[in-house]
Amino acid sequence: MSPKTAAPFDPKQLARPELLSLTPYQSARRIGGRGDIWINANESPFNNSELDKVNRYPECQPPELINAYSQYSGVKASNIIASRGADEAIELLIRTFCIPGVDSIACFGPTYGMYAISAATFNVSVTALSLTENYQLPAAWPAQIGNAKIVFICNPNNPTGTVIAKEDIEQAIQAAPNAIVVVDEAYIEFCPQYSVADLLSTYPNLVVLRTLSKAFALAGARCGFMLANDAIIDLVMLVIAPYPVPLPVSELATKALSAQGLDTMQTQVATLVEQGQRLSTALSAFGAQVLPANGNYVLAKFDDVASVAERLREAGIVARAYKDPRLADAIRFSFTNEQQTNAIIALFNGSAA
């Protein structure tokens, strides 16, 4: 579809009013300076590690990391914030725009649980709407979110693995011109054609979340990114911690975003997709209802999910089950390497659900 001109949108009208007069904390690195003797941050002069400068505070937003992700994502460096995984980005948005005890967010389930949990921990209410039977956005949702300031859409959706077409996401952004529409693209490397990051320049109320935890194999490092327009970035930077990205994390992440790192990521994504297809085929042959997989996992529904869960436990295989009523008969299987995939497939061969 051809993009429409977005209505005027000023995120300051959505921000918590006390933030508009807030002077953000000026850390030593934000203030900066030039010189050979640095005694402005109460740091130790002794580096007891092989990692250079680990005795010093890191940059709030390490330029090498931000520039590397800018080059990878095609989004301007000024429109990127690095955070402790995408989870911190979720909390930063809620802290920036939602008044505790007053405001609300909206999300569409079954989906990633941290949208609702993060809101609840800040006393922000949640309008929890249901995805359709095919895990698409419900038709009447814009009229059902009330005055929700933030709308979260997970695409590909976790845990179902389903996707919403890019044109439908764009229509959703247009349908909520007075809210911030956050598209969580944690798994986008497995289906990059669905990304809406290229729409940031068209829609000032759009925010895209990314992470290095999945395709980039850095879950333990905790590094994510918020992609947004200047006005939203400026407001979020008022509440962000002084040093959100530890130096070792920044170096690991920057290396992962190098040309060699990107080649490794793409090769591993292809391997995971291949093994995932094998697993999906085996689960279908076993008799499971297998949803289309667009991330690094597949959701399978079983007639007797309890016996399947017991079979997995006895084999020492830890998969993910859910309490959500719509997923009570489902188990999510993360994709893994060939050897482990062989073991999982062997568990299901020769039986029926």
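A salt bridge here is a side-chain nitrogen of Lys or Arg within 4 Å of a carboxyl oxygen of Asp or Glu. The structure is a predicted model, in which local features need pLDDT of at least 70 and side-chain atom pairs count only at pLDDT 80 or more, while totals for chains, interfaces and linings use all residues. Residues are numbered from 1 along each chain as its sequence is written, and side-chain values use heavy atoms, with hydrogens and water left out.

By the salt-bridge rule the count is nine. R29, E43 and R56 form a linked network of such bridges. Helices (H or I, at least four residues) and strands (E, at least two) are DSSP runs, numbered from the N terminus. E43 is buried at 16% relative accessibility, whereas R56 is partly exposed at 26%; buried means under 20% relative accessible area, exposed over 50%, and partly exposed in between (1.4 Å probe, protein chains only).

A second salt bridge joins D87 and R222 at 3.4 Å, N to O. D87 sits in helix α3 (residues 85-97) and R222 in the loop between β6 (206-211) and β7 (224-228), 135 residues apart.

The salt bridge between R313 and E310 (2.8 Å, N to O) lies within helix α10 (residues 305-314), its two residues three apart, about one turn of the helix. R313 is exposed at 55% relative accessibility, and E310 is partly exposed at 34%.
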